[in-house]
Amino acid sequence: MVNIYVVAAFWFLAALISTIVANRLKISMALMEIIIGATIGFIAFKTGFSDKLALDADWMKFVAGLAAIMLTFLSGAELNPDSLKTKFKEITVVGLVGFFAPFVGATLITYFLLHWGLRPSLLAGIALSTTSMAVVYAVMIEYGFNKTSLGKSILGACFVNDLGTVIGLGLIFAPFNYRTLIFIAVTVLLIFILPTLTNFLIKHFAYKTAAIRTKWILFVLLSMGVLAMWSGSEPVLPAYIIGMVLARTIEKDNFFVRRLRTMTIGFLTPIYFLRAGALVSLPAVIGAFLVFLLLFSGKILFKIFGLYPVISTFKKHKKEKWYYTLLMSTGLTFGTISALYGLTNNIINIEQYSIIVGVVIASAIVPTLIANKFLLPDHLLEKPVLDDQLPDILNGKK
């Protein structure tokens with residue numbers, strides 16, 4: 001246990017440093033955590049201390065996995081179905097183009113130029129078709145865009161994009177059997193009964209017992225995560241759906257949402273982003289740098305050339321169009337999940353895996369850095385409110 005506490009303290013020191021540096025450089029905190037994590041991983045590799053980082057320890061993988069689930073849930077909770085009705089066409093078209101453009105592009109590059117074979121090429125196309133819901137939502141919260149029309153458009157399009165990735169991975173590689181049908185049936189049932197159950201719990205027990213809503217949400221998310229993994233899917237997918245289903249309920253209490261964000265961003269996501277960065281094998285990427293550069297350029301260019309003309313039909317402000325396009329060009333959660341699935345099932349080898357994950361991580365860093373540094377739609381910015389402050393309505397009464 002002493003070793004676990006020491007390693008945990010080290011990672012949260014890294015998270016603290018990342019926050020300070022991000023504040024000084026005026027870039028995204030999530031982005032800086034990935035960069036710091038990659039630096040730590042490279043130094044540990046060079047000095048022979050990689051095993052001391054506990055990157056594959058069960059507790060580390062659980063915390064990182066729970067972080068991805070909570071970020072996905074919270075991003076889904078921002079998307080009230082009522083507010084998305086007017087954006088249905090936009091998020092559907094942008095999300096589908098965001099999936100198909102890089103999927104086709106990366107598949108063609110790896111098959112015809114790199115000669116990876118059909119199955120590895122399709123897997124690469126799937127992994128590089130994603131957006132990073134974790135990075136995008138963290139950025140939305142950090143700058144307060146989650147409450148704006150632009151932010152809701154981006155989050156909605158990210159969901160459609162990543163849903164395409166999950167469906168594509170399932171249709172091409174994952175087995176479709178009775179477990180899949182059970183997972184789908186339970187998910188559909190939950191869509192209808194979860195709001196009623198949650199409202200009953202809030203009415204009879206909330207404000208009377210300690211954090212019962214948080215315990216209930218964690219129970220539902222982890223339970224559905226278990227069912228998703230059992231069926232061959234990923235636990236982040238039901239988390240997004242659960243967030244959307246409970247959006248109307250959760251938005252009634254801003255203070256509760258802020259406490260969930262504080263727990264997620266203060267405790268869980270530092271481990272997720274730092275670990276994601278540390279898992280990048282920089283020597284493998286450097287050893288095949290031209291391949292890495294080709295795939296990275298292909299993913300970004302196919303995203304931009306596919307998305308920018310489409311987004312321009314829905315957004316007119318120049319910075320909004322570019323910001324929307326660049327954040328949709330990011331990748332992390334589903335990209336690494338898809339790559340790991342390919343490695344585990346012998347679809348790709350370790351070298352291909354390292355290159356794909358390197359491209360995925362780079363796509364989380366470079367577009368986000370450019371977007372936040374040079375193309376931030378500052379006309380939408382409001383004064384930030386800390387998650388541990390009282391709700392605005394309570395402050396206003398003082």
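This is a predicted model: local features need pLDDT of at least 70, side-chain atom pairs count only at pLDDT 80 or more; totals for chains, interfaces and linings use all residues.

Reply: We can begin with a contact: Phe10, Trp11, Ala14, Ala15, Ser18, Thr19, Val21, Ala22 and Leu25 of H1 meet Met29, Met32, Glu33, Ile36 and Ile40 of H2.

Me: At what angle do the axes of H1 and H2 cross?

Reply: Two packed helices are described by the angle between their axes and by the distance between those axes. Here the axes of H1 (residues 2–25) and H2 (residues 29–47) cross at roughly 130° and come within 8 Å, which makes H1 oblique to H2. The crossing in which H1 passes H2 is right-handed.

Me: How do H9 and H10 pack, and how far apart are their axes?

Reply: H9 and H10 pack at about 175°, their axes being 11 Å apart; because angles over 145 degrees count as roughly antiparallel, H9 is roughly antiparallel to H10. The residues of that contact divide into 17 nonpolar, four polar and two charged.

Me: Which residues of H10 are buried, and which helices do they pack against?

Reply: An α-helix has 3.6 residues a turn, so residues three or four places apart point the same way. In H10 the buried residues include Ile217, Val220, Leu221, Met224, Leu227, Ala228 and Ser231, and the buried residues of this helix pack against H3, H9, H11, H12 and H13.

Me: What span should the 20 residues of H10 have?

Reply: At 1.5 Å a residue, H10 (residues 212–231) should span 28 Å, and its end C-alpha atoms lie 29 Å apart, which agrees. Just after H10, Gly232 adopts a positive phi of about 95°.

Methods. Residues are numbered from 1 along each chain as its sequence is written. Side-chain values use heavy atoms; hydrogens and water are left out. Axes are lines fitted to C-alpha atoms, for helices over the stretch in contact, and angles run from 0 to 180 degrees between N-to-C directions. Helices (H or I, at least four residues) and strands (E, at least two) are DSSP runs, numbered from the N terminus. Angles under 35 degrees count as roughly parallel, over 145 as roughly antiparallel, 65 to 115 as roughly perpendicular and the rest as oblique. A crossing is left-handed if the near helix is turned anticlockwise from the far one by less than a right angle, and right-handed if clockwise. Contact means heavy atoms within 4.5 Å. The expected span of a helix is 1.5 Å times one less than its number of residues. Buried means under 20% relative accessible area, exposed over 50%, partly exposed in between (1.4 Å probe, protein chains only). Ala, Val, Leu, Ile, Met, Phe, Trp, Tyr, Cys and Pro count as nonpolar, Asp, Glu, Lys and Arg as charged, and the others, Gly among them, as polar.
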